[in-house]
Amino acid sequence: MNGVKRKRNVLSVKQKLEILQKLDHGDSASTDAEDVLNEGNTISHSAALQSVETLLDYMGQRGFDYGDITAVRKICVDIRQEMNKQQKQRRIADFLKQ
């Protein structure tokens with residue numbers, strides 16, 4: 001990039017967890033993300049999943065409590081279930097279009 005530095009906005013672990021919990025409840029995370037990053041985009045399931053998996057790695061390295069790690073793993077499972085549900089709905093919609 002020829003020496004050009006990009007400003008990088010980074011969410012704290014607490015902010016990520018709050019946004020992921022809202023996604024888990026079916027809410028849009030765009031409002032929180034906009035407040036933190038001044039962006040109006042919603043967080044995709046795959047981006048959320050990647051963030052949670054990164055958080056799990058961090059928690060494992062830092063020796064977090066088993067209950068906390070289990071709660072974060074549940075968020076991963078919930079995100080994957082929602083992704084699978086949406087994929088199934090897309091497949092059904094595509095099939096019906098034919």
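Predicted model: local features only at pLDDT ≥ 70, side-chain atom pairs only at ≥ 80, totals over all residues.

Residues are numbered from 1 along each chain as its sequence is written, and side-chain values use heavy atoms, with hydrogens and water left out.

**Overall make-up**

The chain contains 4 helices and 0 strands, and its pattern along the sequence reads α-α-α-α; helices (H or I, at least four residues) and strands (E, at least two) are DSSP runs, numbered from the N terminus. Of the 98 residues in the chain, 21% are buried, where buried means under 20% relative accessible area, exposed means over 50%, and partly exposed lies in between, with a 1.4 Å probe and protein chains only. Among the contacts (heavy atoms within 4.5 Å) with a separation of 6 or more, residues 24 or more positions apart account for 50%.

**The nonpolar core**

In soluble globular proteins, nonpolar side chains tend to be buried together. A nonpolar core is here a set of buried Ala, Val, Leu, Ile, Met, Phe, Trp, Tyr and Cys residues joined through side-chain atoms within 4.5 Å. The largest such core has 13 residues, and L20, V52, V72 and I79 are those that touch the most other members. Helix 1, helix 3 and helix 4 each supply at least two residues of this core, and helix 3 gives the most, with 6 residues. When neighbours within four places in sequence are left aside, L20 is in contact with A48, V52, I75 and I79.

**Helix 4**

Helix 4 has 32 residues and, at 1.5 Å a residue, should span 46 Å, which agrees with the 47 Å between its end C-alpha atoms; the expected span is 1.5 Å times one less than the number of residues. Its buried residues are I69, V72, I75, C76, D78 and I79, and what covers them includes helix 1 and helix 3. R73, also in helix 4, is partly exposed, with a relative accessible area of 46%. Although R73 and L56 are 17 residues apart in sequence, their C-alpha atoms are 7.5 Å apart in space. Q50, which is found in helix 3, is exposed at a relative accessible area of 53%, and its C-alpha atom is separated by 9.0 Å from that of C76, 26 residues apart along the chain.

**Charged pairs**

Side chains of opposite charge can pair when their charged atoms come close. A salt bridge is counted when a side-chain nitrogen of Lys or Arg lies within 4 Å of a carboxyl oxygen of Asp or Glu, and by this rule there are 2 salt bridges.

| Salt bridge | Closest N and O atoms |
|---|---|
| E53 with R80 | 2.5 Å |
| K74 with D78 | 3.0 Å |

E53 lies in helix 3 (residues 45–62) and R80 in helix 4 (residues 66–97), so this pair ties together parts that are 27 residues apart in sequence. E53 is partly exposed at 32% relative accessibility, and R80 is partly exposed as well, with a relative accessible area of 37%.

K74 and D78, by contrast, both lie in helix 4, 4 residues apart, about one turn of the helix. An α-helix has 3.6 residues a turn, so residues three or four places apart point the same way. K74 is partly exposed, with a relative accessible area of 49%, whereas D78 counts as buried at 15%.

**A nonpolar surface patch**

V13, Y58 and F64 make a nonpolar surface patch of about 250 Å². Patches are made of residues with over 30% relative accessible area and no salt bridge, like charges being joined within 9 Å and nonpolar side chains (Val, Leu, Ile, Met, Phe, Trp, Tyr) within 5 Å. V13 lies in helix 1 (residues 13–24) and is partly exposed, with a relative accessible area of 39%.

Technical notes
Areas by Shrake-Rupley, 256 points an atom, 1.4 Å probe, with all protein chains shown as cover.
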